[in-house]
Amino acid sequence: MDVENIVIIGSGPAGYTAAIYTARANLKPLLFEGQRLGGQPGGQLMLTTEVENFPGFPEGLMGPEMMEKFKKQAQRFETRIVSEDITSVDFSARPFKLTTGEKQILAQTVIICTGAQAMWMGIPGEQRYQGHGVSACATCDGFFFRDKEILVVGGGDSALEEALFLTRFASKVSIVHRRDQLRASKIMQERAMKNSKIVFIWNTQVQEVLGYETKMTGVRVLNNQTNEVSELKADGLFVAIGHKPNTQIFEGQIELDQKGYIVTRSGSTVTSVEGVFAGGDVADHKYRQAVTAAGTGCMAALDAERWLADQE
Ligand code: NAP
């Protein structure tokens with residue numbers, strides 16, 4: 001059975017950047033773009049509308065179009081792309097064993113770029129209005145809400161950070177939280193409380209996103225203390241209830257932190273398993289940007305390339 005030099009798992013900005021670099025280094029990477037991991041091939045950018053903060057694209061471009069360009073660039077250097085999920089891995093010995101459906105693949109090195117996904121509430125209308133008012137990323141979409149009224153759901157640091165960021169654009173930001181106490185750090189709480197554009201709506205759960213054709217117009221909420229149901233008008237809804245890394249298949253095979261993110265050695269993409277590298281959101285709960293994912297995808301490619309050279 002042939003042993004691949006490099007198998008890349010994942011097809012967001014990190015995976016494709018790792019592919020471009022390793023392909024140009026003549027390592028003939030094999031990339032699994034996935035079907036389910038991270039929601040879909042292409043990762044979280046497939047769920048955004050316009051991307052305006054990726055350097056080099058002054059006019060901006062749509063998220064899916066951007067991922068198509070990443071893919072084309074990887075294919076230009078003859079990356080082999082497989083539209084399947086890796087369903088299990090065995091990192092206990094080299095070459096590493098990866099399984100997809102019935103097939104097994106052997107690999108000298110593996111670059112994990114399976115990303116993370118925003119957690120959603122799973123309520124009616126939430127999916128339908130994604131990209132049309134509903135978002136899980138203020139840095140991506142906040143700009144489109146100039147002088148608009150926005151709701152943010154959640155009570156952790158992410159929710160307050162998103163809300164504070166959104167005050168740069170929005171006329172009013174209401175934080176809807178299901179309890180009457182925040183989980184966020186004291187300093188973030190103080191900042192949010194001091195901001196005149198932010199108001200809090202306590203003990204309240206969003207039950208449904210309301211809208212008309214392709215635009216959300218508001219939400220239906222339940223006050224869980226009084227059981228009162230009411231409607232709130234809003235142009236946008238930012239869901240900030242946490243992220244989940246796509247690392248289920250790596251459990252027990254590689255060191256993960258408490259939240260399930262892959263642990264990498266500081267300043268590198270080296271994981272707890274020699275020969276396995278990780279880039280993008282799967283190892284980063286802090287920055288979570290397309291450009292930082294591409295950056296760490298590049299680092300993973302260079303780390304893997306050097307590691308392979310050292311083996312020879
Ligand atoms: P988090 O701390 O887990 O908070 C999630 C929030 O969402 C909680 O308030 C939770 O409510 C609420 N929630 C969860 N499921 C919900 C649902 N289905 N419907 C409505 N509300 C729901 O997540 P996070 O804010 O993303 O933060 C993750 C980690 O990153 C934390 O350690 C945080 O400190 C860190 N972080 C730090 C910064 C910063 O320092 N600048 C920024 C962002 C994140 P309950 O409180 O009722 O459980």
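Where does Asn203 lie? Asn203 is found in the loop between strand 13 and strand 14 (204–212), where strands (E, at least two residues) and helices (H or I, at least four residues) are DSSP runs numbered from the N terminus. The model is a predicted one, in which local features need pLDDT of at least 70 and side-chain atom pairs count only at pLDDT 80 or more, whereas totals for chains, interfaces and linings use all residues. Residues are numbered from 1 along each chain as its sequence is written, and side-chain values use heavy atoms, with hydrogens and water left out.

**Backbone positions**

Asn203 has a positive phi of about 50 degrees although it is not a glycine, and it is buried, with a relative accessible area of 15%. Here buried means under 20% relative accessible area, exposed means over 50%, and partly exposed is in between, with a 1.4 Å probe and protein chains only. Arg288, also not a glycine, has a positive phi of about 55 degrees; it sits in the loop between strand 19 (276–278) and helix 6 (290–311) and counts as partly exposed at 24% relative accessibility. A cis peptide bond, with omega of about -5 degrees, joins Arg94 and Pro95, and Pro95 has its place in the loop between strand 6 (88–90) and strand 7 (96–100).

Five strands form an open sheet in the order 10-17-11-12-13, with parallel pairing. Strand 10 and strand 13 (198–201) stand at the edges, each with a single partner strand, so one side of each is left without a neighbour in the sheet.

| Strand pair | Bridges and direction |
|---|---|
| Strand 10 (residues 134–135) and strand 17 | Two bridges, parallel |
| Strand 11 (residues 149–153) and strand 17 | Four bridges, parallel |
| Strand 11 and strand 12 (residues 172–176) | Five bridges, parallel |

Within strand 17, Phe238 is the bridge partner of Ser135, while Leu237 is the bridge partner of Leu151; Val153, in turn, stands opposite Val176 in strand 12. Along strand 17 (residues 236–239), Gly236 and Phe238 point one way and Leu237 and Val239 the other way, and all are buried. Helix 4 (residues 157–166) lies across strand 11, strand 12, strand 13 and strand 17, running at about 165 degrees to strand 11, where the angle, on a scale from 0 to 180 degrees, is taken between N-to-C directions of axes fitted to C-alpha atoms, for helices over the stretch in contact.

Rolling a probe the size of a water molecule over the atoms shows where empty space is left. A search of the whole structure finds one cavity of 30 Å³ or more, a cavity being a set of points on a 1 Å grid over the protein atoms alone where a 1.4 Å probe fits but cannot get out, with lining residues having an atom within 4 Å of a point. The largest cavity has a volume of about 50 Å³, and its lining includes Ser158, Glu162, Val239 and Arg288.

Asp281 lies in the loop between strand 19 and helix 6 and counts as buried at 9% relative accessibility. Leaving aside neighbours within four places in sequence, Asp281 is in contact (heavy atoms within 4.5 Å) with residues including Gln44, Tyr261 and Arg288.

Key
Two strands pair if DSSP finds at least two bridges between them. On a 1 Å grid over the protein atoms alone, a cavity is a set of points where a 1.4 Å probe fits but cannot get out, and a pocket is an open set with protein on both sides within 12 Å along at least five of seven lines; lining residues have an atom within 4 Å of a point. Grid points are joined across faces, edges and corners, and a volume is the space filled by probe spheres set on the points.
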